Amino acid sequence: MKHLIAPSVLAADFTNLRKDFEMVNSSTADWFHIDIMDGTFVPNISFGMDIVKTMHSMAEKPLDVHMMVAQPERYIEQFREAGAEVITVHYEACPHIHRTLQQIKATGAKAGIALNPGTPVSVLEDLLEGLDLVCLMSVNPGFGGQKFIYQTLEKTRKLKNMITVRNTGTLIEIDGGVGLQNAEVLLKAGADVLVAGSAVFKSKDPVDTIKRLKGIGKDTVYV
Ligand code: DX5
Ligand code: ZN
């Protein structure tokens, strides 16, 4: 499968969201990555459901909703109604993660689990079956524009191996500090979805940056 590119709207221009949404619509990006931060699970606060609903009305591509929220089970149906296609919750925020995944699935959305940099992929051992996506955080969640944590490469390789052995088809998404400087090595390690905020929206030509991120590995067979 060709890898997917998911620009993170957190780095968009909030004074003109429509312009940035149209830019992504017109680009070769695959998803919109929407960061939901609650000020409790992470120190920052970002978007609520009404804004996500508005974003959905402007988006011509699926919304990938990353919930950095304590007790996310309180809001899953609301984000689905707001237009989320993929709903990802943090392993560290869910005491009953298996139940929460079932809850996401019941809404018809694709279900994902995000892992903080300090959480090993081994915690997914009994969760992989039926899991659509794993989001490996390559920065500590809460803010855009942080430095990529290189340990994520080894985690990606380990997780890719688990997924291949179990044949679950789970997608690996990498989130935080991703850009043209590390995209290729991440894809080689097994990444399927690259989230990029600052690298896209702060670049001179965002459409071209997306095209270059999407074009990496074309005609290359990764083993
Ligand atoms: C971090 C968020 C990321 C962030 C990525 O907490 O989950 O999605 O927006 O931004 P960049 O690509 O700028 O690191
Ligand atoms: Zn995110």
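Analyst: Let us begin with Ser203, which touches Ser198 and Thr209 when residues up to four places away in sequence are not counted; contact means heavy atoms within 4.5 Å. This is a predicted model, in which local features need pLDDT of at least 70 and side-chain atom pairs count only at pLDDT 80 or more, while totals for chains, interfaces and linings use all residues. Residues are numbered from 1 along each chain as its sequence is written, chains are lettered from A and ligands numbered from 1 in the order in which they are written, and side-chain values use heavy atoms, with hydrogens and water left out.

User: Where is Ser203 found?

Analyst: Ser203 sits in the loop between α7 (198–201) and α8 (206–215). Helices (H or I, at least four residues) and strands (E, at least two) are DSSP runs, numbered from the N terminus.

User: And what joins the side chains of Ser203 and Thr209?

Analyst: A polar contact of 2.9 Å joins them. The term denotes a pair of N or O atoms within 3.5 Å; within protein, one must be able to donate a hydrogen and the other to accept it, and residues adjacent in sequence count only if both atoms are side-chain atoms.

User: Changing topic: which residues come nearest to ligand 1?

Analyst: Of the 20 residues around ligand 1, the nearest are Asp35, Gly142, Asp175, Gly197 and Ser198. A residue is near a molecule or strand if one of its heavy atoms lies within 4 Å of it.

User: Which polar side-chain atoms lie by an oxygen atom of ligand 1?

Analyst: A polar side-chain atom of Asp175 is 2.6 Å from an oxygen atom of ligand 1, and one of His66 is 3.2 Å from an oxygen atom of the ligand. From the backbone, a polar atom of Gly197 lies 2.7 Å from an oxygen atom of ligand 1.

User: How much of the accessible area of ligand 1 does the protein cover?

Analyst: The protein covers 98% of the 380 Å² of accessible area that ligand 1 has on its own. Accessible areas come from the Shrake-Rupley method with a 1.4 Å probe; for residues, only the protein chains shown count as cover.

User: How many aromatic pairs does the structure hold?

Analyst: There are three aromatic pairs. Rings of Phe, Tyr and Trp (its six-membered ring) pair if their centres lie within 6.5 Å; planes under 30 degrees apart count as stacked, over 60 as edge-to-face and the rest as tilted. In one of the pairs, the ring centres of Phe21 and Phe32 are 4.4 Å apart and the planes are at 10°, so this pair is stacked. The pair links distant parts of the chain, with Phe21 in helix α1 (residues 17–26) and Phe32 in strand β2 (residues 32–37), 11 residues apart.

User: Are Phe21 and Phe32 buried or exposed?

Analyst: Both are buried, that is, under 20% relative accessible area; exposed is over 50%, and partly exposed lies in between (1.4 Å probe, protein chains only). Another aromatic pair, Phe148 and Tyr150, is edge-to-face, at 4.7 Å centre to centre with 80° between the planes. Phe148 counts as buried at 7% relative accessibility, whereas Tyr150 is partly exposed at 47%.

User: What else is buried in α1, and what covers it?

Analyst: In α1, the buried residues are Leu17, Asp20, Phe21, Met23, Val24 and Asn25. Their cover includes β1 (4–7), β2, α2 (49–58), α7 and α8.

User: How many salt bridges are there?

Analyst: The count comes to eight salt bridges, each a side-chain nitrogen of Lys or Arg within 4 Å of a carboxyl oxygen of Asp or Glu. One of them joins Lys214 and Asp30 at 2.9 Å, N to O. This pair links distant parts of the chain: Lys214 is in helix α8 and Asp30 in the loop between α1 and β2, 184 residues apart. Lys214 is buried at 15% relative accessibility, and Asp30 is buried at 19%.

User: Which residues are linked in a network of salt bridges?

Analyst: Glu125, Glu129 and Arg166 form that network. The closest N and O atoms of Glu125 and Arg166 are 3.1 Å apart.
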